[in-house]
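Here is a short report on one protein model. Keep the sequence and the 3D view open while reading.

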Amino acid sequence: MRNSLTALALVGLLFAVPAVAAEVPRGDAKFIKKAAEGNLAEVKLGELAQQRAASDAVKEFGKRMATDHQKAYDELKQLAAQKGVAVDTALDRGHQRVYDRLAKLSGAEFDRAYMKEMAKDHDKDVKAFQKEADKAKDPDVRAWASKTLPTLQEHQQQAKQVLASVQGKGSPSASPRQK
């Protein structure tokens with residue numbers, strides 16, 4: 001009798017665990033993981049920008065990235081925990097490569113490379129967040145993406161403005177003819 005109760009309890013657990021894991025649709029869970037990776041990278045790269053940039057505008061942008069994306073990462077970690085989605089706490093391989101490449105640069109060279117990366121990255125992020133804000137199946141994930149999107153759009157605009165300013169400092173490598 002005792003063994004059959006134990007067996008029933010184990011069977012119950014087997015069915016209960018997948019129900020928790022299946023709470024968030026696969027696409028929304030993937031978005032959570034990718035957004036967490038991106039936010040963490042923006043924090044680390046923003047901190048790096050504050051150390052290595054020559055331009056005050058780039059340093060200020062880096063500071064804003066570190067602050068805003070740390071807040072978004074913390075919110076997302078809470079949401080992920082509620083939904084049973086594990087998120088990384090360290091940079092993934094791709095973002096680590098970007099960090100390592102930028103960490104070798106300094107001054108104006110860093111400014112141009114970092115801001116080019118930020119402009120490209122925020123274009124990609126705004127597109128992904130807009131899609132999730134419009135089409136996420138999980139209402140909490142959709143709400144978080146919608147709430148975060150305007151800040152990312154501000155970052156996108158600011159990144160393009162700062163990029164234009166650091167490219168316009170007479171650098172031959174920034175010339176449109178050479179791109």
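Phe 61 is buried, and Tyr 114 is buried as well. The model is predicted. These two residues form an edge-to-face aromatic pair, with 6.2 Å from centre to centre and 70 degrees between the planes. Phe 61 sits in helix H3 (residues 56-83) and Tyr 114 in helix H5 (residues 107-135), so the pair ties together parts that are 53 residues apart in sequence.

Tyr 114 has another ring partner, Phe 110. This pair is stacked, at 5.4 Å centre to centre and 10 degrees between the planes. Phe 110 and Tyr 114 are 4 residues apart in helix H5, which means about one helical turn separates them. Phe 110 is buried, like Tyr 114.

The structure holds 5 aromatic pairs. Elsewhere, ring pairs link Phe 31, Phe 129 and Trp 144 into a cluster.

## Overall layout

The protein has 6 helices and 0 strands. Read from the N terminus, the order of elements is α-α-α-α-α-α. Of the 179 residues in the protein, 40% are buried. The exposed surface comes to about 10,700 Å², and carbon and sulfur atoms supply 54% of it.

What share of contacts between residues at least 6 apart in sequence joins residues at least 24 apart? The share is 77%.

## Helix H2 against helix H4

Two packed helices are described by the angle between their axes and the distance between the axes. Helix H2 (residues 26-52) packs with helix H4 (residues 93-103) at an angle of about 5 degrees, and their axes are 10 Å apart. Angles under 35 degrees count as roughly parallel, and H2 and H4 are therefore roughly parallel to each other.

On the H2 side, the contact is made by Glu 37, Gly 38, Ala 41, Lys 44, Leu 45, Leu 48 and Arg 52. H4 contributes His 95, Val 98, Tyr 99, Leu 102 and Ala 103. By class, this contact has 7 nonpolar, 2 polar and 3 charged residues.

Glu 37 is one of the H2 residues in that contact. At 16% relative accessibility, Glu 37 counts as buried. Not counting residues up to four places away in sequence, Glu 37 touches Asp 88, Asp 92 and His 95.

## Residues to look at one by one

| Residue | Relative accessible area | Class |
|---|---|---|
| His 122 | 0% | buried |
| Val 141 | 1% | buried |
| Gln 156 | 14% | buried |
| Glu 37 | 16% | buried |
| Gly 27 | 46% | partly exposed |

**His 122.** This residue lies in helix H5. Which residues does His 122 contact, leaving aside its neighbours within four places in sequence? They are Glu 42, Met 65, His 69, Leu 152, His 155 and Gln 156.

**Gln 156.** Helix H6 (residues 139-167) holds Gln 156. Leaving aside neighbours within four places in sequence, Gln 156 is in contact with His 122, Asp 123 and Val 126. Gln 156 and Asp 121 are 35 residues apart in sequence, yet 8.5 Å apart in space, C-alpha to C-alpha.

**Val 141.** Helix H6 also holds Val 141. Its contacts, with neighbours within four places in sequence left aside, are Asp 28, Phe 31, Ile 32, Leu 79, Glu 132 and Ala 136. Val 141 and Ile 32 are 109 residues apart in sequence, with 7.8 Å between them in space, C-alpha to C-alpha.

**Gly 27.** Helix H2 is the place of Gly 27. How far apart in space are Gly 27 and Lys 137, C-alpha to C-alpha? The distance is 8.4 Å, while the two are 110 residues apart in sequence.

Conventions:
Residues are numbered from 1 along each chain as its sequence is written. This is a predicted model: local features need pLDDT of at least 70, side-chain atom pairs count only at pLDDT 80 or more; totals for chains, interfaces and linings use all residues. Side-chain values use heavy atoms; hydrogens and water are left out. Axes are lines fitted to C-alpha atoms, for helices over the stretch in contact, and angles run from 0 to 180 degrees between N-to-C directions. Helices (H or I, at least four residues) and strands (E, at least two) are DSSP runs, numbered from the N terminus. Angles under 35 degrees count as roughly parallel, over 145 as roughly antiparallel, 65 to 115 as roughly perpendicular and the rest as oblique. Contact means heavy atoms within 4.5 Å. Ala, Val, Leu, Ile, Met, Phe, Trp, Tyr, Cys and Pro count as nonpolar, Asp, Glu, Lys and Arg as charged, and the others, Gly among them, as polar. Rings of Phe, Tyr and Trp (its six-membered ring) pair if their centres lie within 6.5 Å; planes under 30 degrees apart count as stacked, over 60 as edge-to-face and the rest as tilted. Buried means under 20% relative accessible area, exposed over 50%, partly exposed in between (1.4 Å probe, protein chains only). Accessible areas come from the Shrake-Rupley method with a 1.4 Å probe; for residues, only the protein chains shown count as cover.
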